[in-house]
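Trainee: Hi! I have a new structure open and could use a guided look. Can we go through it together?

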Amino acid sequence: MSYSPIIQKTIEYIETNLHESLSLESIAQFAGFSKYHYHRVFQKEAGVTVSEYIRYRRIANAANMLLYTDEKIIDIAFYYRFETQESFTRSFKKYYKLPPGQYRRIMGKLTLQREEMTMNNEEVLKGWHLSGSHPFNYKMGIDREIFHKGKGSGFLKAVKVETHGEFATMMQEFKAEKYLGKRLKLSGFLKSKAVDGFCGFWMRVDNTLGDVLQFDNMGNRPITGDTEWNHYSIVLDISENSAVICFGVLLSGKGQVWIDELKFEEVDDNTPTTNLDFRGILLDEPINLSFEE
């Protein structure tokens, strides 16, 4: 059984209620599970406990407010349900290694300098490159204001889409030899804005001849419109004759998508693959040659 839809539903609930009181019991009840079962399922899917997820998302949003608003630190702490400014400071230092006041002063200056430097010289994404049908009509980069965790996220944005069906991807590729004979899961967090086509993760496994062995672009579960941060995954088998693994985020049409906290992990056969049968059904013989049907 795949628990991904349930986890996505509850993460959406958490994201829209980060400034409200949230407990494992209330979230598990929302999901329709016992708290013990939900705790195990969430940790397996998201990689962290529910309480840890809520804590670091509140801290990440608080970091954003420190840099881009003039709200008092104590007001930010109370807004995100910390009982005291001291408890907020302890939690904040755990993730950002600085107390909130110093973070605001130091990182605020660095953020301003970085924005000035990249106005005419776009920031390079190490390891990533832009591809697709019309990559020149899209832009990729690092967003220091919108992120899921840490200090930044990657983004892919339509700049000048002229016709329906144009798409771009920010992507990477690497050798498959480390994972031969294994089942591999790509997971991470995505957020979208005004996507009028669709967006999502994608992953492809090729052999040495360039033939596609496994593929998934979330075409059967597309992300459209405006969505908050949520967790998505792709699971593919890496057969013994695999040579290259390609992956990234795809944006078709207009809009923008953000990407953060990607990871790869080996999973067992109890985790179903998401491979799409892109080859279709091969017929025994040709049909409708006179175009009468």
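Trainee: Great. What should I know about the model before we start?

Mentor: It is a predicted model, where local features need pLDDT of at least 70 and side-chain atom pairs count only at pLDDT 80 or more, while totals for chains, interfaces and linings use all residues. Residues are numbered from 1 along each chain as its sequence is written, and side-chain values use heavy atoms, with hydrogens and water left out.

Trainee: How many aromatic pairs are there in the whole structure?

Mentor: The search finds 17 aromatic pairs. Rings of Phe, Tyr and Trp (its six-membered ring) pair if their centres lie within 6.5 Å; planes under 30 degrees apart count as stacked, over 60 as edge-to-face and the rest as tilted.

Trainee: Why is the pair of Tyr53 and Phe189 called stacked?

Mentor: The planes of Tyr53 and Phe189 are at 25°, with the ring centres 5.9 Å apart, so this pair is stacked. It links distant parts of the chain, with Tyr53 in helix α4 (residues 50-68) and Phe189 in strand β5 (residues 182-207), 136 residues apart. Helices (H or I, at least four residues) and strands (E, at least two) are DSSP runs, numbered from the N terminus.

Trainee: Are Tyr53 and Phe189 buried or exposed?

Mentor: Both Tyr53 and Phe189 are buried. Buried means under 20% relative accessible area, exposed over 50%, and partly exposed in between (1.4 Å probe, protein chains only).

Trainee: And what kind of pair do Phe92 and Tyr103 form?

Mentor: Phe92 and Tyr103 are edge-to-face, 5.1 Å centre to centre with 75° between the planes. Phe92 belongs to helix α6 (residues 85-96) and Tyr103 to helix α7 (residues 100-118), eleven residues apart. Phe92 is buried at a relative accessible area of 0%, and Tyr103 is buried too, at 1%.

Trainee: Which residues do ring pairs link into a cluster?

Mentor: That cluster holds Tyr38, Phe42, Tyr53, Tyr56 and Phe189. Tyr56 also has a charge above it: the charged end of Lys149 sits over its ring, 4.4 Å from the centre. For that, NZ of Lys or CZ of Arg must be within 6 Å of the ring centre and within 35 degrees of the ring normal.

Trainee: Which ring face does Lys191 lie over?

Mentor: Lys191 lies over the face of Trp258, at 5.9 Å from the ring centre. The side chain of Lys191 also makes a polar contact of 3.1 Å with that of Glu228. A polar contact is a pair of N or O atoms within 3.5 Å; within protein, one must be able to donate a hydrogen and the other to accept it, and residues adjacent in sequence count only if both atoms are side-chain atoms.

Trainee: Where is Glu228?

Mentor: Glu228 is in strand β7 (residues 223-238), and it is partly exposed, with a relative accessible area of 35%. Its C-alpha is separated by 9.9 Å from that of Trp258, 30 residues apart along the chain.

Trainee: Back to α4. How many of its residues are buried?

Mentor: In α4, 15 of the 19 residues are buried, so the helix is largely enclosed by the rest of the structure.

Trainee: New topic: where is Asp216?

Mentor: Asp216 is in strand β6 (residues 212-216) and counts as buried, at 0% relative accessibility. Its side chain makes polar contacts with the side chains of Arg221, at 2.5 Å, and Thr274, at 2.6 Å.

Trainee: What about phi at Lys97?

Mentor: Lys97 has a positive phi of about 60° although it is not a glycine. Most residues other than glycine have a negative phi. Lys97 lies in the loop between α6 and α7 and is exposed, at 66% relative accessible area. Ala194 also has a positive phi, near 55°; this residue lies in strand β5 and is partly exposed, at 46%.

Trainee: Last one: where is Thr163?

Mentor: Thr163 is in the loop between β3 (153-158) and β4 (167-175). The C-alpha atoms of Thr163 and Lys254 are separated by 9.8 Å, though the two are 91 residues apart along the chain.
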